[in-house]
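Please look at the sequence and the structure below. The report that follows goes through a few parts of the chain, one heading at a time.

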Amino acid sequence: SVAIVDLNSTAIQANIPVGVGPERLLAVGNRVVVVNSGGFGVDSTISVINSATHVVENTYVVGHNPNSLVLDANGMLWILCGGINDFSNPANSTAGKLVQFDLTTGNVVKQFQFPTTTEHPVQLCRNKMGNKLYWLNNAYAGSVVEMDLQDTELPLSPKINGTFYALNVDLATDEIYTTDALDYQQNGILRRFTITGNLIDSVQVGLIPGGITFN
C-alpha cells in the first residue's frame, strides 16, 4: 500500500492498496504513479492514484517487476522493469524491459527488451533537460548506462563502469551520484561524476548506502 502521512503530526492518515511491492512513486499533475516491483515475488503493473480522491484510478501492465520511473522533457513516462531474477531456478528468470508510457492515453508507446536474463536493471533517473535516461545495468553491482530519448535501441556499453549499488542525477547541477556498498560489511562509498562521466570526488558514507536524494 501507499501511505498518506501528515507531515506536521507524522500520523498516517490512510493507506491506499496498490500492487505487490510498491517501490517508487512519482507525482504527475493530480496523479501519483506507483511502480509495483513484486517484492519477493512478481508483479508487472503500475498503479495510478488520484491525489485528490486518494483512489487508484487505473492499473496498467508494463513488464515484470517495474522498479523505477521518470517523466521526460516531452511529458512521457519512462518505466524500468527489472525482470524476474529467480535465484533458486535461473531458468525462470526473465529479461528486463524499458518502457515509454503515455499517461494520457494509458498506452505503451515504446518498449526495449534487454538482451539477457542475467542483468536486472534498476534505479532509472534522468538529466536536467529530460532528454537522457540513466540506470544501473544490474541490481546490487551495476554500471551506469546512458540513453538518449531519440535512440532506437538500448546502449551496447555502460557510460561509467563500476559495481554501484545506488544511482541518481542532481537536476540542479547535472552531476551523477553513485554509491558502492563494497562488501556490505564496511562503510560504503559515495562517488560524484560529471554528466560526461568523469569522476569529481568521493567520500565514505555509511553501511550499505541504498539511495540518494536531493533537497
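## A partly exposed tyrosine

This is a predicted model. In it, Tyr184 has a relative accessible area of 31%, so Tyr184 is partly exposed; the cut-offs are under 20% for buried and over 50% for exposed. Tyr184 sits in the loop that lies between strand E16 (175-180) and strand E17 (187-193).

The backbone of Tyr184 also deserves a look. Its phi is positive, about 65 degrees, although Tyr184 is not a glycine. Most residues other than glycine have a negative phi.

## Asn65, a buried loop residue

Asn65 is another residue other than glycine with a positive phi, near 55 degrees. Asn65 belongs to the loop between E6 and E7. Is Asn65 buried or exposed? Its relative accessibility is 10%, so Asn65 counts as buried.

Ser37 lies in the loop between E4 and E5. With a relative accessibility of 11%, Ser37 counts as buried because the cut-off for that class is under 20%.

Which residues does Ser37 touch, leaving aside its neighbours within four places in sequence? They are Val20, Gly21, Pro22, Glu23, Asn65, Pro66 and Asn67. For one of these, Gly21, there is a further detail: a polar atom of the Ser37 side chain lies 2.7 Å from the backbone oxygen of Gly21.

## The sheet of four strands

Strands E3, E4, E5 and E6 make up an open sheet, in the order E3-E4-E5-E6, and their pairing is antiparallel. At the edges are strand E3 (22-28) and strand E6 (55-61), each of which pairs on one side only. On average, neighbouring strands of this sheet are turned by 20 degrees against each other, direction ignored.

Inside this order, strand E4 (residues 31-36) and strand E5 (residues 45-50) run antiparallel and are joined by 5 bridges. Val33 has Val48 in E5 as its bridge partner. Strands of a sheet pair through backbone hydrogen bonds.

Strand E7 (residues 66-71) has 5 of its 6 residues buried, so E7 is largely enclosed by the rest of the structure. E7 runs antiparallel to strand E8 (residues 77-81), and 5 bridges join the two. What is the bridge partner of Ser68 in E8? The partner is Leu80.

Together, E7 and E8 form a hairpin, with 5 residues between the strands. In the turn, Gly75 has a positive phi of about 80 degrees.

Notes:
Residues are numbered from 1 along each chain as its sequence is written. This is a predicted model: local features need pLDDT of at least 70, side-chain atom pairs count only at pLDDT 80 or more; totals for chains, interfaces and linings use all residues. Side-chain values use heavy atoms; hydrogens and water are left out. Two strands pair if DSSP finds at least two bridges between them. Axes are lines fitted to C-alpha atoms, for helices over the stretch in contact, and angles run from 0 to 180 degrees between N-to-C directions. Buried means under 20% relative accessible area, exposed over 50%, partly exposed in between (1.4 Å probe, protein chains only). A polar contact is a pair of N or O atoms within 3.5 Å; within protein, one must be able to donate a hydrogen and the other to accept it, and residues adjacent in sequence count only if both atoms are side-chain atoms. Contact means heavy atoms within 4.5 Å.
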